[in-house]
Amino acid sequence: MEFKNHICVQNLNVYYGKVQALKNISVEIPDKKITVIIGPSGCGKTTLLKSFNRLIDLMDNVKATGKILVDGEDILDPKAEVVDIRKKMGLLSQKPYPLPMSIYDNVAYGPRIHGTKGRKELDQIVEYRLKESSLWEEVKDRLHDPASRLSVGQQQRLCLARGLAVEPEIILGDEPTSALDPNSSQRIEQKFLELKDRYTIVVVTHILRQAKRIADYVLFLYMGELIEHGPAREIFENPKQKLTREYIQGSIS
Amino acid sequence: MDSRKIEENVFKGLMIFSSLVISAGLLWILAVIIIKGLPAMNLAMITQAPKGGFYLGKEGGILNAIVGSLLLAGGATALALFLSLPLVLYLNVYLKKGARLAVFTRFSLDVLWGVPSIVYGAFGFTLMLFFGLRASLLGGIIAVALLIFPIMCRAMDEVMQMIPQELMNASYSLGSTRWETAFKVVVRQALPGILTAILIAFGRGIGDAASVIFTAGFTDSVSFSLFRPVATLPLAIFYQLGTPFPEVQARAHASSLILTIIIITISIGARILTKRFQGYVVK
């Protein structure tokens, strides 16, 4: 790939205390595609994802070395402005966590903290983003109800709308469907497929079938090492590494 | 009957017994206050300050102590909140879980919680002497604020520790600063708990006698000045109970009744407020 990628990881090592969670990872995440990170539990998938927006900073005893270039800027540099880095990426977590406020305020939260004040402008943003995440029809008559009253599936779509409202370039999903029912999961997957023209999407999943359904590009992690990465078709149909083949066939998990 | 079933029944019985003892205790206290205090209750009690000879059984009321206690407990609660909210936000948002400073601060708060209120009174008094203050509303506010500060902190801290890290992460990943996360997300999520903490602290503050004996003093007039002594309900009860006259002692019980009613009113008010804000809390 010749074009410049949003996210470029170089020799990334992450340690929790003495335990090394990620070992010398180097990879480029392709733009405007869905990249799926797969691998067995505890292999470092989530750590890698959380390194991208520096949520790992918030944990105890974490040390990261190497570089993660986002738009050419090394975000692991202590001088990097963490607020700006995070603004570039929307995050969907395993279980949706709406903020303790109304549906409207959830979506308006990001724009407000980044300086949008006008009522009219906020109204437009909220409507646009809720439509973008296919939630508008279900909530348009109760925008000022507490977000906690929505169903879990609706909450996850709200979290998507909330993330999109800060106009990120990248969407990160940390097993974003693991708390959802099959129907809601499918809607989120569908959403990702629609959004990939405009956003770079990175999703962690432990569901292989899901990875096959949505992935354009795949990273396979095992025990903190990046074993193999490449276009989805290659990884799923013709993996080069024995470990990858075993994982995809389901003999290791 | 097998032994596991006996075990189950014995412990169930024990739990019911404990619950009954506590409820009965509360009802008993209320009954005593009402039976002994109600006959001495009249409009003058809550609308008048003590007149000459009040403590000998002559006319007057305890408006001085009602006003004084509300001002003092309200002021102390506000002061304690002003100090404790930043502290608990620092503990829960800025410090990492298990940080040495956080462990030490929580330990200190627990120790402070256990310090008897007379010690806060004595400490407050020393502080006042140092600053050249007399017994006054301000002195009382400072002493009571010291007393209720650890209570308020720990009560809020308990609630904030329950907030999932993921909720804060959600806020961070939208690009908010720690300050924004603290005040817009953590405070809102913990709001019912914060209200409860304020209430518990207020209740503890308005009912404490030992911390105000030296620091707030006492006066028979209704005073609003920060720099003059104020009367408080617990001391009013104490002085009236200390007289040898049955009618004055009955008024002490009436005063207890008033104090209890104030506390119950605030409890119920806080419950209603808590319910109103509960809706937004994310589970």
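Mentor: Start with the order of elements along the sequence. This is a predicted model, and its chain B reads α-α-α-α-α-α-α-α-α-α-α.

Trainee: How many helices and how many strands does chain B have?

Mentor: Chain B has 11 helices and 0 strands.

Trainee: What does the C-alpha trace of chain B span along its principal axes?

Mentor: About 65 × 65 × 35 Å. Next, look at burial. Chain B has 283 residues, and 43% of them count as buried. Then look at contacts. Take those in chain B with a separation of 6 or more: 73% of them join residues 24 or more positions apart.

Trainee: Now a pair of helices. At what angle do helix 8 and helix 9 of chain B pack?

Mentor: Compare the directions of the two axes, then their spacing. Helix 8 of chain B covers residues 178-189, and helix 9 covers residues 191-206. They pack at about 70 degrees, with axes 4 Å apart. Helix 8 of chain B is therefore roughly perpendicular to helix 9 of chain B, because angles of 65 to 115 degrees count that way.

Trainee: Which residues of helix 8 and helix 9 of chain B meet?

Mentor: Helix 8 brings Val187(B), Arg188(B) and Gln189(B). Helix 9 brings Leu191(B), Pro192(B) and Ile194(B). Sort the residues of this contact by type: 4 are nonpolar, 1 is polar and 1 is charged.

Trainee: On to nonpolar cores. Which residues touch the most other members of the largest nonpolar core?

Mentor: Leu12(A), Phe52(A) and Ile68(A) do, in a core of 78 residues. Helix 6 of chain B, residues 137-161, gives this core its largest share, 12 residues. Now pick one residue and list its neighbours. Leaving out residues up to four places away in sequence, Phe52(A) touches Ile7(A), Val9(A), Ile29(A), Ile68(A), Ile75(A), Ile85(A), Met89(A), Leu172(A) and Val202(A). Another core, of 27 residues, lies apart from the largest one. Its members include Ala215(A), Val218(A), Ala232(A) and Ile252(A).

Trainee: Last, the two chains. How many residues does the contact take from chain A and from chain B?

Mentor: It takes 29 from chain A and 27 from chain B. Then ask about area. Chain A and chain B bury about 2500 Å² between them, and carbon and sulfur atoms give 61% of it.

Notes:
Residues numbered from 1 in each chain as written. Chains lettered and ligands numbered in written order. Predicted model: local features only at pLDDT ≥ 70, side-chain atom pairs only at ≥ 80, totals over all residues. Heavy atoms only, no water. Axes fitted to C-alpha atoms, helices over the stretch in contact; angles between N-to-C directions. Helix = DSSP H or I, 4+ residues; strand = E, 2+ residues; numbered from the N terminus. Parallel < 35°, antiparallel > 145°, perpendicular 65-115°, else oblique. Contact = heavy atoms within 4.5 Å. Nonpolar A, V, L, I, M, F, W, Y, C, P; charged D, E, K, R; others polar. Core = buried A, V, L, I, M, F, W, Y, C linked by side-chain atoms within 4.5 Å. Buried < 20%, exposed > 50% of the residue type's maximum accessible area, 1.4 Å probe, protein only. Buried area = accessible area lost by both parts, 1.4 Å probe.
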